[in-house]
Amino acid sequence: MTPKKSPGKKTPDTAQASAPSLAERVVAAPKVASPEAAHALLERDLGAAGPQLEPLFARHPNVRALIEGIAEGSPYLWDLIRADPARLVTLLTADPEQYFASVLARGFAVLDAAQDEAGAMRQLRIMKAEAALLIALADIGGLWPLQKVTRALTDLADAAVQGAVRFLLRDAVARGKLEPRNPAQPEQGSGYVVVAMGKMGAFELNYSS
């Protein structure tokens with residue numbers, strides 16, 4: 001005999017409902033001057049991701065408007081999008097807060113394991129590009145208020161600086177120029193100090209900081 005379900009109780013399936021994706025939360029988009037030209041840019045540059053993007057656009061018209069606005073009005077962000085359309089799909093279908101945290105954690109881990117300066121610099125660029133695009137989508141799409149945007153930009157800068165400093169100190173250790181108290185975290189007790197100018201301490205960095 002099948003037990004009756006209490007109407008006031010959540011079943012296991014509904015109790016662990018996933019957080020809304022970025023696409024589901026977009027509520028704003030730039031107004032485009034030429035919708036036809038913006039649409040043509042999407043067709044030209046995002047064709048390979050079409051099978052994944054078109055269903056998203058159909059379910060969430062605000063997302064199409066957001067991406068078209070970026071295509072027309074922001075060359076830097078559009079270059080990030082068209083350089084890796086699959087990344088755009090990943091960002092749109094992810095929970096933005098959780099994914100941003102994973103970008104920083106993953107980027108820092110890879111940077112921490114970099115074997116040479118070229119590899120470290122490449123990883124910094126990858127982390128910056130992915131985080132910058134995610135922050136911009138959440139900002140322009142109306143998901144995050146200003147305080148959350150500047151906090152995310154500050155957290156990105158903090159992770160990048162910390163990772164770069166650790167890489168440089170590990171390099172100094174390898175060359176015999178530093179004896180760290182903690183080889184896994186050579187910055188601890190090293191005497192190396194980084195002073196952040198501006199509003200980093202208040203978590204108020206902006207895009208041009």
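**Figure 1. Pro180 in the segment after α10.** Pro180 is located in the segment that follows helix α10. The model shown here and in the views below is a predicted one. When residues up to four places away in sequence are not counted, Pro180 touches Val173 and Pro186. A further pair to inspect in this view is Pro180 and Met197: 17 residues separate them in sequence, and their C-alpha atoms are 27 Å apart in space.

**Figure 2. Lys177, another residue of the segment after α10.** Lys177 also belongs to the segment after α10. Its relative accessibility is 63%, and because exposed means over 50%, Lys177 counts as exposed. Lys177 and Leu153 lie 24 residues apart in sequence, with a C-alpha to C-alpha distance of 33 Å.

Figure 3. Ala202 has a relative accessible area of 45% and is partly exposed. Phe203, with a relative accessible area of 34%, is likewise partly exposed. Ala202 and Thr154 are 48 residues apart in sequence, while their C-alpha atoms are 8.8 Å apart in space. The backbone of Phe203 deserves attention: its phi is near 55°, which is a positive value in a residue other than glycine.

**Figure 4. The crossing of helices α3 and α5.** Helix α3 spans residues 35-45 and helix α5 spans residues 61-73. Their axes come within 9 Å and cross at roughly 95°. Angles of 65 to 115 degrees count as roughly perpendicular, and α3 and α5 are therefore roughly perpendicular to each other. On the α3 side, the contact is made by Ala38, His39, Leu41 and Leu42. These residues meet Arg64, Ile67, Glu68, Ala71 and Glu72 of α5. Sorted by class, the contact of α3 with α5 comprises 5 nonpolar, 1 polar and 3 charged residues.

**Figure 5. The crossing of helices α6 and α7.** The axes of α6 and α7 come within 5 Å and cross at roughly 100°. This angle makes α6 roughly perpendicular to α7. From α6, the residues in the contact are Leu80, Ile81, Arg82 and Ala83; their partners in α7 are Pro85, Arg87 and Leu88. By class, the contact of α6 with α7 has 5 nonpolar residues, no polar residues and 2 charged residues.

**Figure 6. The largest nonpolar core and the surroundings of Ile67.** The largest nonpolar core has 43 residues, of which Leu53, Ile67 and Leu137 touch the most other members. At least two residues of this core are supplied by each of α2 (22-25), α4 (50-59), α5, α6 (75-83), α7 (85-93), α8 (96-112), α9 (117-140) and α10 (146-174). Helix α9 provides the largest share of the core, 9 residues. Ile67 also takes part in the contact between α3 and α5. With residues up to four places away in sequence not counted, Ile67 touches Leu42, Leu46, Phe57, Trp78, Ile81, Leu88 and Leu137. Of these partners, Leu137 is also among the core residues that touch the most other members, and Leu42 is one of the α3 residues in the contact with α5.

Figure 7. Leu77 is found in helix α6. Its relative accessibility is 8%, and since buried means under 20%, Leu77 counts as buried. The C-alpha atoms of Leu77 and Leu133 are separated by 6.5 Å, although the two residues are 56 residues apart along the chain. Apart from its neighbours within four places in sequence, Leu77 is in contact with Ile70, Ala132, Leu133, Ala136 and Ile140.

**Figure 8. Glu130, a buried charged residue in helix α9.** Glu130 lies in helix α9, and Glu is one of the residue types that count as charged. At 9% relative accessibility, Glu130 counts as buried. The side chains of Glu130 and Arg106 are joined by a polar contact of 3.5 Å. Setting aside neighbours within four places in sequence, Glu130 is in contact with Arg87, Leu91, Tyr99, Val103 and Arg106. Among these partners, Arg87 is also one of the α7 residues that meet α6.

Definitions and conventions:
Residues are numbered from 1 along each chain as its sequence is written. This is a predicted model: local features need pLDDT of at least 70, side-chain atom pairs count only at pLDDT 80 or more; totals for chains, interfaces and linings use all residues. Side-chain values use heavy atoms; hydrogens and water are left out. Axes are lines fitted to C-alpha atoms, for helices over the stretch in contact, and angles run from 0 to 180 degrees between N-to-C directions. Helices (H or I, at least four residues) and strands (E, at least two) are DSSP runs, numbered from the N terminus. Angles under 35 degrees count as roughly parallel, over 145 as roughly antiparallel, 65 to 115 as roughly perpendicular and the rest as oblique. Contact means heavy atoms within 4.5 Å. A nonpolar core is a set of buried Ala, Val, Leu, Ile, Met, Phe, Trp, Tyr and Cys residues joined through side-chain atoms within 4.5 Å. Buried means under 20% relative accessible area, exposed over 50%, partly exposed in between (1.4 Å probe, protein chains only). A polar contact is a pair of N or O atoms within 3.5 Å; within protein, one must be able to donate a hydrogen and the other to accept it, and residues adjacent in sequence count only if both atoms are side-chain atoms.
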